[in-house]
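Please have the sequence and the 3D view open as you read.

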Amino acid sequence: LANIVVEAINLIRREESDTIQCYSEDVMMCKSGVGTSTSSRLIRGLIIEKRVATDRFPQHITSASVVVFDSDLTYKTPQFEAEIEVKQPEQITRFIEEEDCQVDSIITHLLSSKVKAVFCTGEVHKNILHTLAAEGVFVLGQLEKIEAERICKVSGATLLNRVEDLSSSETGIVGSLDVERDRVDDEIRERIVIDGCTDCELVTIEVGGSTDLEVEELIRAIHD
């Protein structure tokens with residue numbers, strides 16, 4: 001564990017105003033739930049405990065370009081309320097076509113950017129999910145904003161508010177992205193492991209141990 005802690009600090013330390021700065025919040029702690037303290041490992045990135053929307057997403061990606069949004073990935077609903085009198089069925093059809101057009105535009109933007117992983121804090125339209133999955137693009141929505149910000153810190157991506165703002169300079173890169181599934185306490189646990197990031201500003205120590213008490217003690221020791 002001592003070697004892991006030293007390596008973690010060396011990875012996230014930065015020079016600011018001619019002094020070396022290290023911030024404890026840039027070293028995340030994650031419970032492995034299995035093994036012992038000797039099975040602890042350093043992740044040059046972060047671990048997100050969250051279920052993916054479909055098994056059709058790629059389960060392992062290397063050298064992946066990523067994009068992160070602080071928004072929904074779906075059609076934009078009006079910002080005001082209004083009563084619309086519909087006199088012909090074709091009017092409803094035009095509303096539906098407009099929604100489909102917005103969704104298709106989002107898909108086109110994302111695919112043309114050549115990113116391999118898309119993250120966002122909001123809802124992802126089902127057509128976007130399934131189309132990107134078919135193209136081998138990983139998608140994860142409904143993230144907390146702090147999780148999205150952490151992905152930006154490990155990948156170098158810019159947190160965007162609109163798909164229209166996406167350009168190659170706003171994307172990031174991760175060394176690897178894996179969807180891991182294992183059984184912990186008779187339950188299937190699913191999580192996304194982002195690792196192998198170069199020049200990352202945040203790392204994660206995955207602390208080994210099969211009992212909460214054991215792991216909590218180890219985490220307190222590491223913090224001390």
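Leaving out residues up to four places away in sequence, Thr121 touches Phe69, Asp70, Ser71, Gln142, Leu143, Glu144, Lys145 and Ala148, where contact means heavy atoms within 4.5 Å. Before we go on, a word on conventions: this is a predicted model, in which local features need pLDDT of at least 70 and side-chain atom pairs count only at pLDDT 80 or more, while totals for chains, interfaces and linings use all residues. Residues are numbered from 1 along each chain as its sequence is written, and side-chain values use heavy atoms, with hydrogens and water left out.

Thr121 sits in the loop between strand 7 and helix 3 (126-134); helices (H or I, at least four residues) and strands (E, at least two) are DSSP runs, numbered from the N terminus. Is Thr121 buried or exposed? With a relative accessibility of 17%, Thr121 counts as buried, since buried means under 20% relative accessible area, exposed over 50% and partly exposed in between (1.4 Å probe, protein chains only). Its side chain makes a polar contact of 2.9 Å with the side chain of Asp70. A polar atom of the Thr121 side chain also lies 3.1 Å from the backbone nitrogen of Ser71. (A polar contact is a pair of N or O atoms within 3.5 Å; within protein, one must be able to donate a hydrogen and the other to accept it, and residues adjacent in sequence count only if both atoms are side-chain atoms.)

Now step back into strand 7 (residues 117-120). Ala117 and Phe119 point one way from this strand, Val118 and Cys120 point the other way, and all are buried. Strand 7 runs parallel to strand 6, and four bridges join them; two strands pair if DSSP finds at least two bridges between them. Val118 is the bridge partner of Val67. Strand 7 also pairs with strand 8 in the parallel sense, over three bridges, and there Phe138 is the bridge partner of Ala117.

Phe138 leads us to the rings. A search of the whole structure finds two aromatic pairs. Phe119 and Phe138 form a tilted one, with 6.1 Å centre to centre and 55° between the planes. (Rings of Phe, Tyr and Trp, the last by its six-membered ring, pair if their centres lie within 6.5 Å; planes under 30 degrees apart count as stacked, over 60 as edge-to-face and the rest as tilted.) Phe119 lies in strand 7 and Phe138 in strand 8 (residues 138-140), so the pair ties together parts that are 19 residues apart in sequence. Phe119 is buried at 1% relative accessible area, and Phe138 is buried at 0%. Ring pairs link Phe57, Phe119 and Phe138 into a cluster.

Leaving aside neighbours within four places in sequence, the contacts of Phe119 include Val66, Val67, Val68, Leu140, Ile151, Leu177 and Ile194. What surrounds these residues? The largest nonpolar core has 59 residues, and those with the most contacts inside it are Val118, Phe119, Phe138 and Ile194. Such a core is a set of buried Ala, Val, Leu, Ile, Met, Phe, Trp, Tyr and Cys residues joined through side-chain atoms within 4.5 Å.
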